[in-house]
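This briefing sets out selected features of the structure shown below. It is arranged by topic.

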Amino acid sequence: MVSGMVKVIAKNGIHLRLASELVKAANRFRSEITISKDSQEVNAKSILGVAGLGAELGSELFIKADGDDESEALDYLIGLVESDFMKERR
Amino acid sequence: MAHKAADNKEMIFHGIPASPGIAFGEAFVVNVEDFPVTADRVPPDQIELEVQRFEAALQETEEELRKLHKRLEDEMGVEHAKILDSHRMILTDEVICKDTIRHIKKHKVNAAYAFTTVLDNVLTTFDQIEDQYLKERAEDIRDVKRRVVRNLLGQKVEGLSNLRKQAVVVAKNLTPSDTAVLERKYVLAFVTDTGGSTSHAAIIARSLGIPAVVGLENLSHNVKPYDRLIIDGISGQVVVHPTPETERMFKEAGIKFREMEKELLTLRDYPAVTLDGHTIELSGNIEIADEVDDVVGHGAKGVGLFRTEYFFITRNSLPSEEEQYRYYRSVVKKLAPDPVLFRTLDVGGDKIAKWAPNVQEANPFMGWRGIRFTLSRKDIFRTQLRAIFRTAAHGNVRIMFPMISVMEEVLQAKEICEEVKADLKRERYQIGENVEIGIMIETPSAVAIADMLAREVDFFSIGTNDLIQYSLAVDRGNSRISYLYNDLHPSILRFIRDTVGAAHKEGIWVGICGEMPGSVYGTLLALGLGLDEISAGSYLIPEIKKIIRSVTFGEVKSLVRKVLKLSTAEEVKQFLDKYIADKRPELKEYMPEAFK
């Protein structure tokens with residue numbers, strides 16, 4: 001199992017649309033992935049879970065991945081959040 | 001079905017006529033409320049079937065969303081459509097699907113109930129989110145929930161954005177955000193359960209020139225999708241399942257109405273001048289740029305009220321200076337040299353933008369709206385003013401601030417205008433130099449200090465809708481008390497008289513831009529009270545012009561002097577009726593009392 005911390009820099013926080021980007025990404029990996037904020041932990045492959053975190057600008061997310069592609073998964077997801085979702089690919 | 005004949009019996013409902021005309025068409029029932037879901041048990045041998053039903057409903061919803069996505073993408077662009085990606089993703093959310101199926105099996109309940117329970121559970125976590133913006137995303141989830149439940153219950157009730165062929169829109173209530181997503185060309189008429197003649201649906205209907213009937217109480221529960229309807233916006237009747245006889249009757253009435261309309265349109269190119277040569281400036285109200293053609297087509301000179309907020313509230317984010325500039329410029333260029341009067345952003349009240357902070361106010365109409373909003377969000381205010389001043393380089397532009405209740409607001413807003421102008425000049429933008437700056441007179445306090453306000457601005461425009469609402473303390477959307485909402489009350493007439501007096505004493509012009517001129521009474525009163533300008537919905541322009549051209553300024557002035565001595569709205573009405581009957585019987589044809 002690997003884990004890491006990342007800070008949300010998306011201006012409006014991780015709203016539904018960004019959550020769906022994140023979930024789409026998480027679903028590309030076989031590992032079990034969870035994200036937690038404060039004391040709340042959710043399945044990173046569930047959009048409602050991720051959107052329900054209410055991760056606003058500046059909040060810290062703790063991402064855990066467990067499985068055969070855990071390192072790639074963790075790196076990719078942290079990179080995604082850090083890059084502000086690649087500026088929503090614009 | 002055996003009882004089908006009984007189902008389709010003709011029913012007639014009476015409401016408040018809100019926009020004239022007669023329409024025939026199928027009902028498009030909009031229901032934005034949740035559907036009643038009950039915890040009905042499912043027999044053990046049918047559990048598997050129920051799970052399949054759930055999966056089918058998900059698939060059906062997915063298909064619906066896919067189509068909507070495509071349509072949105074075509075109409076609004078890729079970015080706008082992206083939100084539907086997340087809606088579709090909710091449908092395939094592992095947790096949701098598995099939990100729902102588990103719930104069906106474990107509690108042996110129907111799929112709609114299980115799905116609702118699971119989603120409501122998720123939604124409670126959203127309630128705990130502190131960030132307002134993120135919290136509001138729960139609305140998206142509710143939207144998906146409604147779609148799935150609707151498909152599970154087999155109900156064909158749709159969202160407004162799904163309107164794809166001509167129909168009569170039937171709803172409990174319609175907000176500006178609801179009508180914003182409508183394809184206006186498909187709407188034959190609006191009918192709503194709530195509201196009065198100045199509620200939003202009514203105003204939109206009038207600006208589109210389609211009939212509307214409001215305040216129908218429980219009509220939406222008595223109409224099924226695709227039911228045949230006749231909407232009579234003149235008498236306020238709605239007929240469900242009309243008989244051929246009824247159809248014939250209303251068709252004749254419709255022909256008569258259109259003939260009168262046609263006759264009025266012949267006045268298009270004539271000025272609004274009385275028989276004794278008094279000219280009044282007659283301009284049109286608009287909400288969106290597309291309406292400019294209507295303004296011109298109906299013979300108005302320019303725009304006397306551009307409600308700029310509609311450009312703002314229909315979008316998910318704030319429009320940039322460039323976007324606003326291009327949009328405003330399209331209107332100004334088309335109308336030059338006739339004036340375009342921009343009312344700065346008037347959000348709040350019942351006009352809530354998607355990007356605006358979600359503030360729960362007990363009294364939104366007395367809350368953070370109009371100039372109060374823009375002065376506390378100077379970033380938004382400045383951007384809009386920059387766009388308007390730049391637009392002014394291309395034509396005749398006026399600026400007006402809404403909801404002024406104290407002097408400080410005027411002084412501050414003017415100061416910001418000066419700063420914006422200086423900035424633009426420094427940045428070497430071309431701007432209009434002779435932009436008139438004015439204010440809306442729509443609060444009693446503004447009337448009380450009108451003499452002082454008049455020294456600070458170039459013009460006044462009286463917004464009768466809100467002035468009546470605030471003066472008589474009547475919520476215009478509340479059908480129980482909407483009888484109080486009447487512009488013939490002596491209090492309103494005195495307020496207008498005082499405002500006009502204060503303006504003219506300082507040598508500034510004063511107009512009226514509410515719904516008041518929408519009746520023969522209102523037009524006569526506006527003329528006689530000495531207003532210099534009338535701005536109204538395009539569809540009203542020909543009638544107002546006809547009335548002005550049928551009377552002398554002298555007789556109407558003396559009429560109004562007498563009217564100002566009367567103490568009730570009823571007396572005012574009777575007095576005006578008598579004048580029309582005795583002196584100008586031809587005016588009876590125009591704008592019957594029913595529209596008020």
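Two strands are taken to pair if DSSP finds at least two bridges between them. Helices (H or I, at least four residues) and strands (E, at least two) are DSSP runs, numbered from the N terminus. This is a predicted model, in which local features need pLDDT of at least 70, side-chain atom pairs count only at pLDDT 80 or more, and totals for chains, interfaces and linings use all residues. Residues are numbered from 1 along each chain as its sequence is written, while chains are lettered from A and ligands numbered from 1 in the order in which they are written.

**Chain A**

- Chain A contains four helices and four strands, arranged along the sequence in the pattern β-α-β-β-α-β-α-α.
- Of the 90 residues in chain A, 42% are buried; a residue is buried if 20 or more other C-beta atoms lie within 10 Å of its own, exposed if 12 or fewer, and partly exposed in between, with C-beta atoms placed from the backbone.
- Two residues are in contact if their C-beta atoms, placed from the backbone, lie within 7 Å. Among the contacts in chain A between residues at least 6 apart in sequence, 68% join residues at least 24 apart.
- Strand β2 (residues 32-37) and strand β3 (residues 40-43) of chain A run antiparallel and are joined by four bridges. A:Thr34 has A:Asn43 in β3(A) as its bridge partner.
- The hairpin of β2(A) and β3(A) has two residues between the strands, and A:Asp38 there takes a positive phi near 50 degrees.

**Interface between the chains**

- On the chain A side, 18 residues are in contact with 22 residues of chain B.
- The elements giving two or more residues to this side of chain A are α1 (16-26) and α2 (47-52).
- This side of chain A comprises six nonpolar, nine polar and three charged residues. Ala, Val, Leu, Ile, Met, Phe, Trp, Tyr, Cys and Pro count as nonpolar, Asp, Glu, Lys and Arg as charged, and the others, Gly among them, as polar.

**Barrel of chain B**

- Eight strands of chain B close into a barrel with parallel pairing, in the order β9-β10-β11-β12-β13-β14-β15-β16.
- Neighbouring strands of this sheet are turned by 25 degrees against each other on average, direction ignored.
- Strands β11 (residues 339-343) and β12 (residues 396-401) of chain B run parallel and share five bridges; B:Leu341 is partnered with B:Arg398 in β12(B).

- The buried residues of α7(B) include B:Ile141, B:Val144 and B:Val148.
- Helix α5 (residues 111-127) of chain B packs against α7(B) at about 175 degrees, with the axes 10 Å apart. Axes are lines fitted to C-alpha atoms, for helices over the stretch in contact, and angles run from 0 to 180 degrees between N-to-C directions.
- The two helices α5(B) and α7(B) are therefore roughly antiparallel (angles over 145 degrees).
- The residues of this contact divide into 13 nonpolar, one polar and one charged.

**Helix α20(B)**

- Six of the eight residues of helix α20 (residues 464-471) of chain B are buried, so α20(B) is largely enclosed by the rest of the structure.
- The cover over its buried residues includes β13 (436-441), α18 (444-448) and α21 (490-505) of chain B.
- B:Ala473, which follows α20(B), has a positive phi near 50 degrees.

Note on methods
Angles under 35 degrees count as roughly parallel, over 145 as roughly antiparallel, 65 to 115 as roughly perpendicular and the rest as oblique.
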